[in-house]
Amino acid sequence: MFILDANAPEKLAHYLKDNQWLSNDDYILSLTKAGEGNMNYVLRVTTKLGTFIIKQSRGYVEKYPQIKAPEKRVLTEAEFYTKISSVNALKQQMPKILGLDAFNNILLLEDLGKASDFNSMYTSGYILTKDETLVLVAYLNVLHTKSKKEVSDNELANLEMRKLNYEHIFHYPFLIDNGFDLDSIQDGLQSLALNYKTDALLKSKVQELGTHYMAKGCYLLHGDYYPASWLSTSNGVKIIDPEFCYYGSREFDLGVFIAHLYISKQPESIIDLVQSTYSDYKSLNQSLLNGFIGIEIMRRLIGLAQLPLQMNLKDKAKLLEFAYQSIIQ
Ligand SMILES: Nc1ncnc2c1ncn2[C@@H]1O[C@H](COP(=O)(O)OP(=O)(O)OP(=O)(O)O)[C@@H](O)[C@H]1O
Ligand SMILES: [Mg+2]
């Protein structure tokens, strides 16, 4: 088994040459962390002749090695890229696949440049431009329209990853005693969360939403459509990291997207723009959509997958209440 290691460039050069991913007249100049990420081991490889991204998935979450994760997830991610490769409008919004090693769970991707993700929406109040918003909606429009199946089947079910996500979205945040002290994030958050953890109506609605999340659907979803999966590059907004993709309900992708617009305090006009430009907005199941918006907000505030938020407790309380109403309505 080849283990990717930023401190072992020579071993990597050897590995790359064995796979003919590095020509004999090329060599590695530097290995650096590609950017912020939690799940996988992702490096930027700079060589004399160019640069690319190398990503390895392992049997655990890179940032929390005690949490198990499906070892083969990078193969699912690659499958997504292959799946959309016939749709130019999607392909041009994502990096190209340069190589795949299914034995070692390694994916080579085109380097989109030293781009930043959109975490600045949480950390420094960045407001999406109209053009960026339109690109983000257009991507979902094309993805959901072009992928539509008449009858759902087992393609790209990605069940193991979905189970992991299920735990962290629908289950763990609502456990009263889950071993995660929310006061370590912010004083008072634990008792704020307790109101929701003990709400029977909420819990039954959350369970229904979870069942929807785990159900088969007819639309290919990105599965993790939020600011950390969007890159601001010199060629505009690009989308990465479809490791949570699956065929499901469109409301999930759109719900996660809109939830993060609320969490990052984007103006109403941006949220309106998303709703008015998503192609089939009126035919969506609105209660499912609102439910997914609400649950994503909640799990980001009281679950383990915290965001770099600059938000006081009072605003979190307001947002949690909004999320609660969206779920139970
Ligand atoms: N093709 C690319 N071009 C340029 N930068 C990239 C590319 N792919 C990834 N990155 C950078 O590396 C970071 C981590 O990549 P990615 O999001 O794929 O990893 P991950 O471990 O799956 O992350 P997460 O924990 O958010 O799921 C990205 O935020 C981005 O900054
Ligand atoms: Mg990821």
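Select Arg-73 and Glu-243 to begin: both are buried, a word that here means under 20% relative accessible area, with exposed meaning over 50% and partly exposed lying in between (1.4 Å probe, protein chains only). Their side chains meet in a salt bridge at 3.6 Å, N to O, where a salt bridge is a side-chain nitrogen of Lys or Arg within 4 Å of a carboxyl oxygen of Asp or Glu. Arg-73 lies in helix α2 (residues 73-83) and Glu-243 in the loop between β9 and β10, so this pair ties together parts that are 170 residues apart in sequence. Helices (H or I, at least four residues) and strands (E, at least two) are DSSP runs, numbered from the N terminus.

This is a predicted model, in which local features need pLDDT of at least 70 and side-chain atom pairs count only at pLDDT 80 or more, while totals for chains, interfaces and linings use all residues. Residues are numbered from 1 along each chain as its sequence is written, and side-chain values use heavy atoms, with hydrogens and water left out.

Next, select Asp-241 and Lys-55, which form a salt bridge whose closest N and O atoms are 2.8 Å apart. Asp-241 sits in the loop between β9 (236-239) and β10 (246-248), whereas Lys-55 is in strand β3, 186 residues away. Asp-241 counts as buried because its relative accessibility is 16%, and Lys-55 counts as buried because its value is 6%.

Finally, move to helix α1 (residues 9-18), where Leu-12, Ala-13, Tyr-15 and Leu-16 are buried. Seen down the axis, these buried residues fall within an arc of 165° (taken from the directions from the helix axis to the C-beta atoms), so they line one face of the helix. On the other side of α1, Glu-10, His-14 and Asp-18 are exposed.

How values were computed: Chains are lettered from A and ligands numbered from 1 in the order in which they are written.
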